[in-house]
Amino acid sequence: MYKSFRIKNFRCFVDLKIEPLERLNLIAGKNDIGKTAVLEALWLHQGANVPDLARRVNTFRGLREINMDEPFLELFTDFNPDLVMEVQAHGTWSEEPRTLRVYRQVPRVVEIPASGSESLEQTAVEKSPLSERHSRYQIIFEYTNEDGKVFKSWGWPLERQVAPSVVELGLLSHQEFIGERPAGIFLAARHRPSGKEDIDRFSAIELIQKQEDIVRILKQVDPRVQRLAVVVISGVPMIHADIGAKRLVPVPLIGDGISRLLSVALAIANARDGIVLVDEIENGLYYGVIVNVWKAIAAFTRQFNVQLFATTHSEECIRAAHQAFVEDSKYDFHLHRLERMKNTIQAVTYEKETLGAALEAGLEVR
Amino acid sequence: MSTESNEVPLTPITATKVIAVEGKDELNLLSALKDQLGIDNIEIRSLGGKYSFSTKLKSLVITPGFISVRSLGVIRDANSSASATFQSICAALRNVGLPVPTKPLSPTKVDEEKPQVVVLIVPHGASKGMLEDICLQSVGEDPAMSCVEAYFECIKRNLGKLPSNLSKARVHAFLSSRDQPDLRLGEAAQAGYWPWTHQAFTQVKQFLSLL
């Protein structure tokens, strides 16, 4: 479990430290203050040997294309490619930190890896290209583990013309093995998990016969839910729910709130000993159920030993979380607010007493 | 969630001068007095409730907007010991890294990095007491006060004891003599029932002027 982390030169952050962390962490703050960027930084750190995450965090933001001439500028503060992005984290693993440094580099030796190598992952479609070119730059993921051992993985933007008018962009990448790492699952606000991702995660839960745990959480939003099932219609699988109607109903049709909560619950259940990152967790949830949803999420994260980081804009969501944890047996929850101070962004952390006092006195915490 | 009707909406700090008070009565009274004096650049925040003053002060200083505060006032009842209350406030200020005054009504030095701090323990100069005592002092000459005294003499005679908080009881008895008989101390201030020109309020006015 993460106890603290420090982010340097990433997106809008020059040097941001957040501590202490709890099992559940809500991140609040004004618009454009970097709430989502905190989740992204943690996700990169958790996947410290997966350079493709650098592309995917941009994809979640709607930046679908890689700029072949100046790739990944968006990762660095002030779009300055000379900076080295760094995420250093302390956790329960050891007294020593785990550090990810990300930077751009012109490859000294151009290595075209052999096809089929297990250490390579290519996100571009495998077709015989009419032509292809690499970016001048590689993105380097340099990871230092708690023993001081350094691992370098890299990603190399690749542009392929696969038909006269079709150009595909991808990332040729090399992943250095850094040891077994627990899962890190990111649920973006804009980019809802695809049906396939939820189905894969649901199937994994079905295999270990833990569906009732998921259903128990969903009942907090809709008590009618009795059972879930993957139903294939016209070749398309989708998670359906038995809500006491004559037929099963696709979960997205029941409502946004239950659909969102299903994704969160499936993510937690599939991230044992890892982290789940949820952008705008309150999306779609009716205010009247949020306290019970928080209680259910708290129990679920403890059951699977998952640490959860979520962003929110909502006063109701924060009040509900505080109330839920006060009424719970354990207050393993912190609120962290990002705030601009003297041209840098810093974090302010509320633990049980300060958050309770602020909410009682009407002092803004977001 | 179960939305409690007494939830106070969350608001950031917007003024550069802030006064931290203990409850709604203090908030309403000081608001009425500063309006009377034509002061409009002071924000008064009520930090009443179940948490310790130290915790509430910590919450206040991390509230959005506090970074722009240049002057912080703290007003508290002396209760049973003015010196103990002052020391308790000083400890809380020290705990959150704010400047600590040497005595009540003595502002700390101006510092570019931190707000100036002024503390008032009411009644100023007394070893014990509360805001109610100032208000009662201000209406000491009011004809209704002789009735209030007679009332409590009667209560003592017939019941054999007086209310444990006699100052609060006397304020209630006095206010029940007004046109609007059901107001609380702070609401009575808003209604103009306390004579601001009385010397009883001199130190409170001084406190406001020092911010």
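In the hairpin of strands 8 and 9 of chain A, five residues lie between the two strands, and A:G148 takes a positive phi near 85 degrees. Strands and helices here are DSSP runs numbered from the N terminus, a helix being H or I with at least four residues and a strand being E with at least two. This is a predicted model, in which local features need pLDDT of at least 70 and side-chain atom pairs count only at pLDDT 80 or more, while totals for chains, interfaces and linings use all residues. Residues are numbered from 1 along each chain as its sequence is written, chains are lettered from A and ligands numbered from 1 in the order in which they are written, and side-chain values use heavy atoms, with hydrogens and water left out.

Strand 8 of chain A covers residues 138–144 and pairs with strand 9 of chain A in the antiparallel sense over six bridges. Two strands are said to pair if DSSP finds at least two bridges between them. One of the positions in this pairing is A:Y143, whose bridge partner in strand 9 of chain A is A:F151.

Strand 9 of chain A, residues 150–163, also pairs with strand 7 of chain A, residues 131–134, in the antiparallel sense over four bridges. Here A:H134 stands opposite A:L158 of strand 9. Strand 10 of chain A, residues 166–174, is another antiparallel partner of strand 9, with nine bridges. The bridge partner of A:W154 in strand 10 is A:H174, and strands 9 and 10 of chain A form a hairpin with two residues between them. In a regular strand the side chains alternate between the two faces of the sheet.

Another hairpin in chain A is made by strands 1 and 2, again with two residues between the strands. Strand 1 (residues 2–10) and strand 2 (residues 13–18) of chain A are antiparallel and share five bridges. In this pair, A:I7 stands opposite A:L16 of strand 2. The loop between strands 1 and 2 of chain A holds A:R11, which has a positive phi of about 50 degrees although A:R11 is not a glycine.

Most residues other than glycine have a negative phi, and most peptide bonds are trans. The peptide bond from A:E19 to A:P20 is cis, with omega near -5 degrees. A:P20 sits in the loop between strand 2 and strand 3 (24–29) of chain A. In chain B, a cis peptide bond joins B:V122 and B:P123, with omega about -5 degrees. B:P123 belongs to the loop between strand 4 (116–122) and helix 4 (131–138) of chain B.

Chain B is divided into domain 1 (17–128 + 199–210) and domain 2 (132–183), with bounds that come from an automatic or database domain assignment. Their centres, taken over C-alpha atoms, are separated by 28 Å. The contact (heavy atoms within 4.5 Å) takes seven residues from domain 1 of chain B and five residues from domain 2 of chain B.

How much area is buried between domain 1 and domain 2 of chain B? The figure is about 540 Å², of which carbon and sulfur atoms give 74%; buried area is the accessible area (1.4 Å probe) that two parts lose on being put together, summed over both. On the side of domain 1 of chain B, B:P123, B:A200 and B:F201 lose the most area to domain 2, together 64% of what that side buries. Between these domains there are zero salt bridges, a salt bridge being a side-chain nitrogen of Lys or Arg within 4 Å of a carboxyl oxygen of Asp or Glu.

The interface of chain B and chain A takes 27 residues from chain B and 32 residues from chain A. The area buried between the chains is about 2300 Å², with carbon and sulfur atoms giving 58%. Two salt bridges are found across this interface. One of them links B:K58 with A:E351, the closest N and O atoms being 3.7 Å apart. On the side of chain B that touches chain A, strand 2 (42–46) and helix 2 (53–61) of chain B are the elements that give two or more residues. Helix 2 of chain B provides the largest share of that side, five residues.
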